[in-house]
Every structure is written in structure tokens, then in C-alpha cells.
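Work through the exercises below with the model open. Try each task before reading its solution.

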Amino acid sequence: MMKKHGGVAAAAAAAGKVKAELEDVGKAAGGAGAAVVALSPLSETLWRDKAAAEFLGDVSARLAWRDLTVTVVLSTGDTQDVLQGLTGYAEPGTITALMGPSGSGKSTLLDALAGRLAANAFLDGTVLLNGRKANLSFGAAAYVTQDDNLIGTLTVRETISYSARLRLPDKMPMEEKRALVDGTIVEMGLQDCADTVVGNWHLRGISGGEKRRVSIALEILMRPRLLFLDEPTSGLDSASAFFVTQTLRGLARDGRTVIASIHQPSSEVFELFDRLYLLSGGRTVYFGQASEACEFFAQAGFPCPPMRNPSDHFLRCINADFDKVKATLKGSMKTRFERSDDPLDRIMTSEAIRSLITYYQHSQYYFTAQQKVNEMARVKGTVLDAGGSQASFGMQAFTLTKRSFINMSRDFGYYWLRLIIYIVVTVCIGTIYLNVGTRYSSILARGACASFVFGFVTFMSIGGFPSFVEDMKVFQRERLNGHYGVLAFVVSNTLSAMPFLILITFISGTLCYFMVRLHPGFVHYLFFVLCLYASVTVVESLMMAIASVIPNFLMGIIIGAGIQVTSIHPNCMPNLIHRSQPLFAVMQCSQTKIKF
Amino acid sequence: MEYGGREGGGGGGGMNGGRAAWAGALSPAARYAESGGASLTWENLTAVLPGSGGRATKKLVQGLYGYAVPGRVVAIMGPSGSGKSTLLDALSGRLAKNVVLTGKVLLNGKKRRLDYGVLAYVTQENVLLGTLTVRETVTYSALLRLPSSMSKSEVRRVVDDTLDEMGLRECADRNIGNWHLRGISGGEKKRLSIALEILTRPRLLFLDEPTSGLDSAAAFSVIETLRQLALDGGRTIVSSVHQPSSEVFALFDDLCLLSSGECVYYGDAKLAPQFFAETGFPCPSRRNPSDHFLRCVNADFDDVAAAMKGSMKLRAEADLDPLLKYSTSEIRERLVDKYRISEYAMMVRNTIQEITKIEGVVEEAVKGSQASWCKQLTTLTKRSFTNMSRDFGYYWLRIVIYILMALCLGTIYYDVGTGYSAIQARASCGGFVSGFMTFMSIGGFPSFIEEMKVFTLERQNGHYGVAAYIISNFLSSMPFLLAVSWASASITYWMVKFRPGFSYFAFFALNLYGGVSVIESLMMIISALVPNFLMGLVLGAGVIGIMMLTSGFFRLLPELPKIFWRYPVSYIVYGSWGLKGAYKNDLIGLEFEPMMPGQPKLTGEYIITKMMGLSLSHSKWLDLAMIFVLLFAYRLTFFLVLKVKEAAAPYLRVAYTRFTIKRLERRASFRKTLAMTSLSKRHNQPHPMAIQEGLNSPLPY
């Protein structure tokens with residue numbers, strides 16, 4: 001999406017300038033054979049309402065970075081340069097692949113460009129988007145992470161259309177939204193599996209490649225001009241990887257700027273990249289056309305042998321781990337390296353890396369890149385305003401509630417499993433305290449019964465913890481991409497859980513109440529059940545609070561159980577600490593119950 | 001069998017010396033076979049999954065010929081679902097019971113069952129205890145399986161040799177790593193898994209996708225190591241591999257390329273590009289041959305092409321890839337037909353015949369472990385103890401929580417005294433200790449599941465028995481459970497000021513220990529019964545809850561309904577015994593203030609018999625003894641469950657296979673390629689819960 005910032009006069013001036021540039025770019029790109037400004041028919045639907053009112057400028061994104069250095073402060077207090085003086089650019093209509101052995105800094109570069117660096121990393125240098133300092137946090141650029149955090153119980157179409165409703169403007173008519181969703185499904189080649197569930201631990205769903213494409217589909221829904229992907233092909237087989245990359249190429253050809261970090265692409269996948277950024281140890285080994293990289297390596301003295309995937313060859317040349325492997329093998333065995341015709345077997349990989357880096361810095365590729373970046377820095381383009389949600393808070397909360405409710409009702413482990421256990425346990429309680437009566441001994445029995453029901457039933461809330469952790473992951477991803485706010489999430493979660501908690505507490509409360517024959521009278525019964533509901537909700541919220549604070553599942557469960565056990569304790573306690581606990585509420589409920 | 005110093009020679013050379021005279025007439029592969037060791041040949045191998053209930057019979061692999069000879073590494077390649085794993089399973093005798101296998105698998109020219117000892121199988125998943133170091137892992141495994149008669153120094157030598165052979169010397173003293181410990185890299189883990197399998201010097205080594213999930217350098221190191229094993233040890237190595245990189249592919253000697261269960265190529269890996277070129281699909285110069293082969297035979301590319309045609313962007317890209325002109329299935333057909341009549345296929349058949357003619361040495365199979373039962377038990381106990389003491393989540397975290405809880409309890413019931421209200425307070429304090437404190441045992445569940453995984457794998461390979469495992473687990477956990485119960489008991493005991501006297505305190509602590517171990521055993525039974533973590537957790541909590549309910553605290557024992565709850569349940573639940581013991585321990589001999597001042601003081605005996613409704617007919621020590629009887633009974637149940645599970649496993653696997661196929665049929669994206677669906681479990685795993693694969697955090701790192 002685009003929006004004009006600044007005064008009206010400035011906007012008008014900028015519009016004129018942009019128009020001129022637009023034509024320039026169009027001419028320049030003509031040679032490259034890619035239609036830079038031509039959007040796909042689908043992309044245009046989104047702009048239609050805006051285009052009428054405003055001038056639709058050059059909506060492509062040109063990203064350039066110069067002398068980028070990232071320093072990380074380690075926990076020991078030392079600093080380490082993860083990236084050193086990187087210069088490069090990404091143009092609309094192309095895919096740029098960031099490649100390098102593991103630990104070479106490709107993810108860091110991607111994060112730096114997308115404005116997602118960790119808190120302990122410091123960025124030095126400039127990142128320019130359309131010639132202006134870029135601010136790309138929370139949704140300004142689409143970023144597809146390596147792991148697919150999707151809600152497993154939704155179908156592909158549901159996943160995409162909920163996301164659409166969360167982010168598209170409220171005033172956009174439903175049919176248009178639907179058309180956009182359908183278009184995205186077709187664009188990502190997901191037609192065949194559109195009505196299959198994504199799949200989770202107990203539901204079998206779509207394949208890994210399909211999941212990856214759903215993740216990408218979610219990000220391109222808002223038609224961003226700039227797309228970052230972190231290892232989109234890792235963990236996929238060659239056909240799926242090819243498909244994903246082919247799709248990315250299609251997206252790029254629509255005039256988008258696609259930047260992806262890639263780990264070991266297969267031969268077919270490698271051929272799909274336009275530009276290659278090769279990193280080793282945080283330094284540039286090569287930046288230029290992917291098809292010219294072979295030539296560069298040959299010039300530098302490391303020609304790619306026949307019958308070799310060029311990308312395998314590049315990585316072989318710049319992966320310092322091979323030195324270690326060779327040393328280990330030499331040290332431990334009677335090694336016989338027969339392939340001595342390979343120049344790499346004669347020199348250390350670290351030397352190869354050094355000579356490649358030096359060679360690159362004096363090569364024409366380096367100077368071309370510098371020149372191009374300078375050029376791009378001079379031309380001030382439009383300010384892109386992508387990503388973030390345009391839906392109102394009400395719409396977000398409503399959609400999230402609906403989505404969360406569907407997820408809960410389909411996920412067997414979220415509430416259904418617990419419901420079964422609750423029913424079984426309450427039937428046990430019911431038979432044990434069957435018809436408790438009003439004898440002297442019943443006094444104690446009634447008290448114990450109530451404390452057990454409240455204590456145990458709330459304790460079982462930890463059973464939902466794993467599902468909640470999964471939910472949190474989806475939330476984190478969407479939050480980072482600016483799909484919705486924290487408040488909408490909390491509200492929707494509370495609302496969607498309500499019917500289930502009511503169902504659970506009413507069923508188990510009723511069973512227990514009438515089997516034990518507690519105080520007759522509807523009001524008393526209602527009070528009992530509502531009390532139970534309230535305490536389960538409190539404990540549920542407690543577990544959520546724990547899930548958002550405690551970084552680890554196991555710790556979460558143990559600590560949650562610990563806190564609960566201390567707060568469940570049904571007897572009189574010293575006023576000092578325990579009474580003043582915030583968790584006192586749970587206990588309070590059980591006490592109220594005993595009182596009446 | 002002889003250990004150590006076996007490398008290089010290949011063994012058994014003397015027997016074949018006489019035949020060297022006509023070795024010149026043999027094909028190169030047969031010459032390798034003649035050097036001794038294990039040569040495996042298979043002819044016309046077809047694996048069929050019989051259809052039932054109206055479903056068609058499925059051919060998983062059909063008409064495969066091939067050989068594996070000492071000193072060479074055979075790579076089985078193919079797209080997912082092409083039958084790689086079926087072939088590997090068929091050769092190693094691990095096929096599912098309901099799959100019908102026809103054809104001949106010969107070892108050194110003789111038909112025989114391939115047992116452990118001759119054969120080692122490295123699974124795709126590395127199942128290792130993360131807290132041990134590399135050397136410890138290998139040493140424990142050696143102690144578990146090598147004959148007990150071997151001296152310590154001999155064992156050490158075998159371990160050192162193995163570590164050297166696998167290039168693990170540098171990381172020998174590093175931890176493997178788990179969810180909270182940083183450990184060795186993925187490649188090192190894989191080499192360690194291989195090291196464990198070659199400890200007993202098997203002649204035949206099978207590996208299932210050893211490079212998956214590794215980066216190119218690590219994959220290279222693993223395969224290069226395998227090559228060295230083949231060359232130096234005269235071993236026969238068969239490995240399935242998925243998308244090798246160029247360097248890795250160059251390391252394989254023989255290649256078996258499968259597609260939809262049919263052989264596209266078998267023979268020397270170096271000659272494969274030639275075959276493809278002759279058939280009309282030459283490998284482009286800037287391409288990894290293995291990528292090219294897979295591209296040619298992977299029918300999924302057809303789906304990709306179809307889906308792309310449907311989506312808007314095919315445009316002018318069709319000419320990008322010449323292979324897109326043909327559909328992959330056409331290419332595949334042509335390749336399969338061409339191969340069948342090619343000289344490569346002829347060569348393979350001739351070689352098989354030559355190999356079968358050679359009389360090889362058939363080694364005596366060594367079944368499972370050679371170590372004595374006692375040796376296994378001590379080794380397992382030691383290993384398990386080391387693991388528990390290093391894993392923070394296993395017991396340490398729980399000890400911390402227990403101590404905190406004990407402090408809470410101590411402050412709540414601080415100096416409980418002997419007033420009238422203290423009667424109830426003492427009772428509920430006892431109830432709380434035996435009830436809720438034991439509840440926390442579910443915290444160790446994840447670590448325990450990790451350990452069970454290791455057990456399942458080692459058990460499958462016959463490293464030790466179920467009994468040894470259960471006893472060792474009991475023994476190694478004992479110090480921790482004692483520490484847990486002792487620490488929390490002493491805090492509570494002195495803060496609450498229960499009655500003074502060491503024997504009372506000792507009883508209290510032992511009672512707690514008994515309770516915690518019983519619950520621990522219960523959780524083990526549950527973890528053996530339930531396939532997944534979440535179910536185990538919820539079910540465990542439910543069962544413990546019901547146990548607490550019948551323990552006599554929430555409802556007095558005499559008031560429990562007689563049927564079911566009183567008679568079987570309250571007796572088989574540790575809680576009732578624990579509470580009885582705790583009450584007797586605490587109350588007998590004490591006097592309490594009466595409800596109204598002036599009335600006679602209440603004695604402990606009166607309270608127990610009249611207010612709690614318990615009889616004093618037996619002593620508290622008998623109650624304690626009963627808890628330990630229960631402990632024994634629960635462990636026995638655990639043993640029986642594991643045994644029954646093992647006996648039932650084949651039937652379960654059959655059912656699972658059927659179920660899988662049924663499910664796959666329902667899946668839209670699989671419907672068209674059903675013939676190639678893989679049967680093995682490993683490719684069809686549903687997305688596991690995050691917790692099961694490494695206890696991930698809900699927050700980004």
C-alpha cells in the first residue's frame with residue numbers, strides 16, 4: 001500500500017517527480033525483460049479504491065545497503081562483528097539469494113535489512129528503501145520466517161481468509177476480500193489443498209512444501225512490494241523446493257523485490273535466482289548476477305568442475321568447516337584423497353576464502369555494485385507503507401475470536417480431552433461422595449468435596465498448556481508482522497475460551513452437584529457452577545501469564561503446578577504472605593463455597 | 001568373534017586365497033566380494049502390500065536386482081515414496097509383518113536370516129542421551145554389549161578405536177547436548193550413532209538417510225567416514241540418501257536409483273551420467289548429477305508443472321527447463337524401459353551370479369548383547385544415574401520446587417501445636433504432603449519420555465532386557481527421590497514441629513519417599529501406554545487426582561462407598577496407606593485440647609479411631625511396608641506392560657500400516673500418487689507437538 005506523508009504541496013511535488021522516475025525505471029527495466037510496473041490483475045484490486053483518489057506512483061521497492069556492519073555484544077561483554085562492510089542492492093522484479101555456509105551471517109543480513117535485529121546487535125551503515133532511510137519494523141515489509149507457525153486445525157483457505165479479514169480494511173466489501181483470498185490461493189498454487197487442514201500433532205495435514213507456501217501466501221496477501229524470506233526451502237524435498245522458488249520467481253516478476261536466504265539449493269532451484277549474494281564469515285565473497293558467479297569463481301582460480309551444482313561448488317569453496325572435516329579425517333584415518341585434480345584439495349578452504357574476498361574487492365562486480373548503490377541512493381522514490389493491519393480493532397477482535405474458537409473446537413487436546421477427563425473425574429467424585437447427607441461426618445466430607453473439586457479441576461488446566469504454547473507461537477509471528485495488537489489477542493482469547501470453560505464447568509459442576517446432592521435450590525447450584533467457572537478462568541489466565549513469561553514448556557508446567565498447589569491449599573493460613581497472594585482469589589472461591 | 005586390530009585385513013582372506021587364480025575373469029565388483037566379508041545380493045525382489053477390505057494390492061518395490069560388496073558404499077536414491085526405505089528394510093529384514101516379500105536375498109551366496117551382530121542398522125533419528133559425553137555414550141554401549149569377559153583396558157581400546165575410526169576424537173569429551181545443554185553438532189551426532197552400531201564390528205552396515213538435516217560439510221564428513229569404514233574395515237555399506245550435494249554424491253561407489261518402486265539404474269555411480277545421456281537425458285554440465293537424476297524421475301515435478309499452469313505465472317518461463325517439455329512420468333517410463341534391456345542391467349545380473357558362486361564365510365550371528373545380566377544392570381544404572389544427575393529438568397528442578405513448597409507448607413502450619421484446631425491442621429498437612437507433593441512427579445515426565453526413547457531403540461536392537469532396565473531405573477532414581485523426600489520432609493517436619501524424635505521423622509521421610517516412588521512408577525506405566533506427551537500428562541494428572549480422592553483424606557475411608565472405591569481401589573492406592581501411617585506416626589501418644597475447655601483431653605488413639613475412623617489393629621510400619629509392596633507391584637505392572645507391548649507390537653504395526661494407507665487415501669494431494677506412498681513410519685509422521693521435539697519456547701529466541 002502506499003500513502004503520502006507530509007504536506008499536500010510536498011506530495012504534489014513528489015508525485016510529479018515520481019512520475020518522471022517511473023518512466024525512467026520502466027525504460028531501464030525493459031531490457032531486463034521484466035515488467036516492473038505492471039502489476040498482476042490481483043494486485044490491482046487492492047489499489048482500486050485508493051487509486052481513484054490518489055495518484056498511484058511507482059509502487060516498487062528498491063532496497064540498497066551500504067557499508068553494513070553488524071556488531072553483536074556477547075553475553076561475556078565482548079563484541080563480535082557478524083557482518084563487515086556489506087554493500088548491495090535489490091531491485092524490483094528480481095530474486096536476490098543470500099547464500100553462505102551456516103554461520104556466515106546470511107540470516108543476520110536478512111534481519112538487518114528487514115529491521116528485525118536482536119536487541120544485542122548493533123547496526124552500522126545505511127539501509128535505503130527507494131533512496132530514503134528505511135524503517136521496516138512491525139509490518140512495513142513482509143517477512144516469512146523459517147518455521148511455519150500456522151494454526152493446525154484450520155484449512156488453508158480458512159487460514160488465508162482469516163488473515164485477510166484481520167488486516168484488510170473494514171470497508172472493503174466481502175466479495176473483494178474473497179476474490180483476493182482466492183487469487184492468492186491460485187497465485188501460490190494451493191488450489192488442490194485449499195480445503196485440507198494444515199495439520200498438527202494429531203491431524204494429518206498438508207505437506208511441508210504446501211505449508212511453506214501457505215506461510216508465503218499469508219505475507220503476500222497485502223501485496224507488499226518487498227518480501228523477505230528466511231530459508232524458504234529448508235526441510236523441503238527437491239520438487240517442493242523447486243515449486244516454492246518458482247512461485248517466488250513469479251512473485252518477483254510481478255514487480256516485487258524478493259530477498260531470500262538460501263541454504264544449499266539444488267541445481268534446479270539455483271537456476272531460478274537472479275542475483276546472488278555470497279557471504280562467508282560476514283564478508284562479501286560475491287555479489288552480482290547469479291549466472292555470472294561461475295565465471296567469477298573461474299577467474300579467481302576456482303573453476304566449477306563439470307557435473308557439479310555451481311552452488312554446491314561455491315559453498316564448498318567458502319565453507320571453512322571443510323578444513324575441520326579434512327583435518328579430522330586425516331588425523332584419524334589412513335586417508336586417501338584420490339581426487340587431487342580438484343584445486344580445493346590442495347589448499348585450505350580458509351585460504352580460498354581469503355583470496356576470493358580479495359579478488360572480489362578488486363573485481364568489476366564490486367565496482368558495478370558500488371555504482372548502482374550510489375545511483376539508487378540519489379534517487380528519492382516514494383515512501384512505501386506496506387503490511388500492517390488496516391482493519392479496525394473491533395474487526396480484529398471479532399475475527400480473532402472466531403478463529404480461536406474454531407481452533408479450540410477442532411483441536412482435540414485443547415478442551416475436549418480435558419472435558420473427558422473432567423467428566424470421568426467428576427463421576428468418580430460423585431460416586432465417592434454419593435448423596436453425602438447432613439450427618440456430623442458429612443460436615444468434613446462436604447468441605448473436602450468442595451476443596452477437591454475446586455483444587456483438582458483448576459489444576460487440570462495445565463493440560464491445555466501445550467496447545468496454548470502453540471497459540472502463542474502463532475501470536476508471536478503475527479504480532480511481529482503487525483497483524484494485530486496485544487489487546488485484541490487477549491480479548492479474543494478470553495472470549496473464545498469462554499463457551500468451552502462454561503461447558504466444562506457446567507457439565508462437571510452439574511454432575512458433581514446432583515450426584516453428591518449438595519444444597520438443594522437452583523440459586524445454590526448456580527452459585528456453585530459460577531464459582532467453579534470463575535476459578536477455572538482465573539487459573540487459565542494464570543497459565544497464560546506463565547506461558548508468556550517462562551521461556552520453556554517444561555519449566556512452565558512445573559512452575560505453574562507449583563504455584564497452583566500452594567494456592568489451592570484449602571486451610572486457614574497465616575495472614576503474612578499467603579493471604580496477600582494475588583492468587584488468593586482461587587481460594588476465596590472455594591471458601592465462599594464452603595460458607596454457604 | 002575377535003575384537004580390535006581387525007581393520008585393514010578384511011578378515012577371512014586365507015580361505016579365499018585359492019580362488020585368486022581365476023580372479024582375473026571376474027567383474028570388478030565380484031573381485032571385491034571375493035576379498036571376504038559379507039556380500040549381499042538380491043534378485044527379483046518384490047515387496048507387496050496385500051490389499052484387504054476392497055483395497056487394491058500395492059507393489060512397494062518390484063523386480064529389483066542388485067548387490068552390495070565389501071569395501072564399497074551403495075547409495076539408494078529416489079524421490080520420497082519411491083521405495084528406498086522399503087528396499088532398505090527388506091534387505092535388513094525389518095519389513096512390516098504384513099508386507100509380502102518375494103525374491104532372493106543372499107548373504108555370501110547363502111540364504112539366511114540377517115541377525116544382529118552381522119548387521120547393524122543406523123536409523124534416521126539420533127536417539128541419544130543428551131547429558132552424556134561422546135566417550136561415555138560409546139563406553140556405556142560397549143559395556144552393555146561386549147562380552148563381560150573382556151577386561152577394562154580391552155573395552156577402552158575398542159572404544160578408542162571406534163572413536164578414532166569415526167573421527168570423533170576431538171569431541172570425545174563434549175556433551176551431546178539436550179534442551180538446555182549446548183552440545184555437539186548434527187554431523188557429530190550422526191557419526192556417534194554410527195559409532196554405536198559399529199562397536200560390535202558388524203560386517204554389514206545399513207543406514208537410513210544419514211545426511212538428512214546436515215549441512216554440506218557435515219554430510220560430507222559423515223559419508224567420507226562411511227567410505228573409510230568400507231575401505232579400511234572391509235565392510236559392506238548400504239545407505240539410503242536423499243538429495244546428496246555434489247561432493248557427497250561423488251563419494252558413493254554404487255548407485256541404486258528407484259522411482260515408484262522400480263529400478264531406474266543400478267550400477268557404478270560414475271557410469272550413471274553415461275546411462276542417462278544414452279537414454280536421451282544428458283546431465284547439463286553445470287548440474288549435480290544426483291539432482292539431475294532425481295529431477296528426471298520425481299513425478300512430483302509433474303504436479304508442480306500442473307499447479308503452475310493453473311496459477312497465473314507460467315508465462316515465458318517454459319523454456320527455462322528443457323525437462324519441462326516432457327512430463328516426468330514419460331521420462332521415467334523411458335528410463336525404466338531402457339534400463340531393463342541395457343548392458344548395465346546385464347552387468348548387474350552377471351555380477352550377482354559371480355558373487356553367488358563364491359563361497360564366502362558365513363559368520364556366526366551374535367544375538368543382541370554378549371554382556372552378562374549383572375554387567376548390563378550395573379552399566380545401565382550408572383548411565384541412568386549420570387543422566388539424571390546432569391539433566392536439570394529430571395530431578396534438580398523438582399528438588400528446588402519441592403523445597404519451596406516445603407517452605408510454604410512450613411510457614412502455613414508453622415508450629416502447629418496441640419490445640420483442638422491443630423487436629424484438623426495436622427491431618428490436612430499430612431494429606432497435603434502425601435497428596436499434592438507427590439503430584440509434582442509429573443514434572444519429570446518429559447525427561448522420562450526422552451529416556452524411554454533411548455530404551456525403545458536399544459531394546460529393539462536387543463542390547464538389554466526389560467527387567468534390567470526397570471531395576472536400573474529404580475536404583476538410579478533412588479538417591480534423588482530419597483534426597484527429594486528427605487529435604488522436603490526435614491523442612492516441613494521441623495517447621496511445623498511435628499512430634500520430636502528421630503524415628504518419627506524417619507518414618508515421615510520414608511513415607512514420603514514411598515509415595516513419590518509409587519507415583520513415579522505410575523507415571524512410567526502411563527508413559528508406556530500412551531503414545532504422546534500431552535495425553536500422558538493429562539491422563540497422569542487425572543489418575544493421580546482419583547488416587548488422592550480415595551486416599552482417605554478427602555473422604556474418610558469408612559465412608560467411601562463399599563463397592564469399587566473402598567474395596568479394590570483404596571487398597572491399591574498408595575495414598576490410603578500413606579495417610580494411615582502418617583496419622584499413626586503423628587498422633588498416637590499425643591494429647592490434644594478438647595473442643596470445650598474442661599472436657600477431658602483427646603488422645604491420639606481416640607482421634608484416629610473415632611474421628612478418622614481408622615483401626616489401630618496394625619502398626620504404622622505395616623502401612624509403610626504396604627507402600628513398598630505397592631511400589632513393587634507397580635514396577636511389575638510396568639514390566640508386564642512393556643512385555644505385552646513388545647509381544648503386541650507386530651500386530652500394532654500391521655494395524656498402523658493399514659490405518660496410514662487409509663488416511664493417505666483420504667488426502668487429496670496424495671490421491672493421484674498413491675502408488676508411490678511410502679509405508680515407513682518415518683515419512684508419514686504427523687507434525688509433532690513442539691514439546692515433543694525439543695521443548696521449544698513459545699517466545700522467539
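The model is predicted: local features need pLDDT of at least 70, side-chain atom pairs count only at pLDDT 80 or more, and totals for chains, interfaces and linings use all residues. Residues are numbered from 1 along each chain as its sequence is written, with chains lettered from A and ligands numbered from 1 in the order in which they are written.

**Exercise 1.** Determine how H15(A) and H18(A) pack.

Step 1. Locate H15 (residues 412-432) and H18 (residues 486-516) of chain A. Helices are DSSP runs of H or I, at least four residues, numbered from the N terminus.

Step 2. Take the geometry. The angle is about 10 degrees, and the axes lie 8 Å apart. Axes are lines fitted to C-alpha atoms over the stretch in contact, and angles run from 0 to 180 degrees between N-to-C directions.

Step 3. Classify. H15(A) and H18(A) are therefore roughly parallel (angles under 35 degrees).

**Exercise 2.** Compare the span of H16(A) with its expected span.

Step 1. H16 (residues 440-459) of chain A has 20 residues.

**Exercise 3.** Find the edge strands of the six-stranded sheet in chain A.

Step 1. Write the order: S6-S7-S8-S3-S9-S10, an open sheet with mixed pairing. Strands pair if DSSP finds at least two bridges between them.

Step 2. Read the ends. S6 (142-144) and S10 (283-289) of chain A each have a single partner strand, so one side of each lacks a neighbour in the sheet.

Step 3. Check one pair. Five bridges join the parallel strands S7 (residues 226-230) and S8 (residues 257-262) of chain A.

Notes
Helices (H or I, at least four residues) and strands (E, at least two) are DSSP runs, numbered from the N terminus. Angles under 35 degrees count as roughly parallel, over 145 as roughly antiparallel, 65 to 115 as roughly perpendicular and the rest as oblique. The expected span of a helix is 1.5 Å times one less than its number of residues.
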